[in-house]
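Student: Hi! Could you walk me through this one?

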Amino acid sequence: MGFKLDVPLFIEDPNRIPAGKIPENFVSYTLKHQEARPPITWSNWHREIHWVHFFVLCVPPTLGLIGACSTPLRLETAIWFVFYYHLTGIGITAGYHRLWTHRSYKATKGLEYTLAILSAGVVQGSITWWARGHRAHHRYTDTDLDPYNSHKGLLYSHIGWLIFKPRRKPGPADVSDLRSNPVAIWQHKYYLPLAFLVAIVIPTAVCGYGWGDWRGGFVWASLLRLSVAQHSTFCVNSLCHWLGDKPYDDKHTPTDSLFTALITMGEGYHNYHHQFPMDYRNGCKWCQYDPVKWFLWTCEKLGFATHLKTFSDNEVQKGELTMQLKHLRHKQEALSWPSEKSDLPVITWEDYQRQAESRALICIAGFIHDISDFFDKHPGGSHLLEKNVGKDATTAFFGGLYDHSHAAHNLLSMKRVGILLGGVPHGSEERMVPPSQHLRITRHSELAGSGSPK
Ligand SMILES: [Zn+2]
Ligand SMILES: [Zn+2]
């Protein structure tokens, strides 16, 4: 009764939380205070289906597959299928995704209307609806406020989130720019006739009037092309969070993969995209398959697009280097390393000489090494080792007799059993560190805990 919340019970817009009342974590706070629909079970699934989405996503492929059994695919129709697939796909990738959701470039009104019309051929809802969901996806990636949270499974993030009513409202995302965008308003107003015209009528009519293949145009270029294009986009939400590498960051699930790039018109460099979403490229390297990047670059040259945004290469490389260091650190941790100075017993010179009478000990660069098991393996012969037992062989090891290889120094350091009281003569500290440890990868927390440098 007397319990008082520091912040409002439910936060509709994280950008409008009163100063001083910001919760520890917006996502966990919202999930705790927002009501969710019950989980989908065998007893309630039929009540939880989103029937409009179900119709749009299931009827065209079903009719298309049935029709394909009795409709031969003519070469002209096949070529038109591939061409029109890319043309309408550009509407989604260059329009919905990179222009309206991420504002990664500016387009002329002519290009905006063209993309708005073409995108209707893939029937994925209006610009504003799509961008609202996708902005929430980027803002709350991998949480329950992400409409296609990939932690809910591959099938759910691919199509389940559309077929079933959402369990929660997607996290807040600002689309006020699109609500006042005349192209987005126009497309929203005429979406249904536009979608019917661009997705069904045009592809069928081109085949019909072009080479007399009305039936093939309807089955292949219209219904099946529509389904393939839809699933190509869905793969960005499913496969691109599941298959491939994480070359820029591994905090979340997005991945980079040539395979997914090929099936999503270049959107498969999704790890890069989630790190640098305002970059007009998804594949930032010139050789990476990203036809939308090439399309937008051409549009810029022709004057249809301006202000193509790219992320600072210096920051991109930092992300790449961090991941490379992470992988190297794993490799480093899997290897055995010499005992540290602090882990070794400190031995006086007299003690060292006394123990060397019964044990093959040799002193090099301030460390005492037990070389008992190395006599027969020493490439220079055992006699050179024998005459240095119980002595300081630092000079002999580092060039006095033979300037040993880095590998020899690395191996020697693995035989440390003690450290000589008084250490090494000034100026020879470099020799105490084996070459394999000159460039060790150290975590920031380890550096902070190591105290003052010795
Ligand atoms: Zn994503
Ligand atoms: Zn995106």
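Student: Great. What kind of model is it, before we start?

Tutor: It is a predicted model, so keep that in mind as we go.

Student: Will do. How is the chain divided into domains?

Tutor: The domain assignment gives domain 1 at 48-321 and domain 2 at 341-437. Their C-alpha centres lie 65 Å apart.

Student: OK, cores next. Which residues touch the most other members in the largest nonpolar core?

Tutor: Those are Trp100, Ile127, Ala131 and Val198, out of 49 residues in that core. Two or more residues come from each of α3, α4, α5 (127-139), α8, α9, α10 and α13 (291-302).

Student: And which element gives the largest share?

Tutor: That is α3, with 10 residues.

Student: What does Ala131 touch?

Tutor: Leaving out residues up to four places away in sequence, Ala131 touches Tyr96, Trp100, Thr101, Val175 and Leu178. There is also a second, separate core of 14 residues, and Phe367, Ile368, Ala393 and Ile419 are among them. As a general background point, nonpolar side chains tend to be buried together in soluble globular proteins.

Student: Let's look at α9. How many residues does it have, and how far does it reach?

Tutor: Helix α9 covers residues 191-211, which is 21 residues, and spans 29 Å from first C-alpha to last. That is close to the 30 Å expected at 1.5 Å a residue.

Student: Where is the kink in α9?

Tutor: At Val201, shortly before the proline Pro203, and the angle is about 35°. Just after the helix, Gly212 has a positive phi of about 70°.

Student: Which α9 residues are buried, and what covers them?

Tutor: The buried ones are Leu194, Ala195, Val198, Ala199, Pro203, Thr204 and Cys207. Their cover includes α3 (75-101), α4 (109-119), α8 (182-189) and α10 (214-237).

Student: Switching to strands: what is the order in the four-stranded sheet?

Tutor: The order is β3-β6-β5-β4, in an open sheet with mixed pairing. The edge strands, β3 and β4 (361-364), each pair on one side only.

Student: Which pairs are parallel and which antiparallel?

Tutor: β3 (346-347) and β6 (416-420) are parallel, over two bridges. β5 (367-370) and β6 run antiparallel with three bridges, and β4 and β5 are antiparallel with four.

Student: Is Ala365 buried or exposed?

Tutor: Ala365 is buried, because 24 other C-beta atoms lie within 10 Å.

Student: And Arg103?

Tutor: Arg103 also has a positive phi near 50°, and its place is the loop between α3 and β1 (106-107). Arg103 counts as partly exposed because it has 16 C-beta neighbours inside 10 Å.

Student: Last one: where is Ile66, and is Ile66 buried or exposed?

Tutor: Ile66 is in helix α2 (residues 51-69). Ile66 is exposed, because 12 other C-beta atoms lie within 10 Å and a residue with 12 or fewer counts as exposed. Ile66 and Phe276 are 210 residues apart in sequence and 42 Å apart in space, C-alpha to C-alpha.

Notes:
Residues numbered from 1 in each chain as written. Chains lettered and ligands numbered in written order. Predicted model: local features only at pLDDT ≥ 70, side-chain atom pairs only at ≥ 80, totals over all residues. Pairing = 2+ DSSP bridges. Expected span 1.5 Å × (residues − 1). Bend = angle between axes of the 7 residues up to and from the residue. Buried ≥ 20, exposed ≤ 12 C-beta atoms within 10 Å, placed from the backbone. Contact = placed C-beta atoms within 7 Å. Core = buried A, V, L, I, M, F, W, Y, C linked by C-beta atoms within 7 Å. Domains from an automatic or database assignment.
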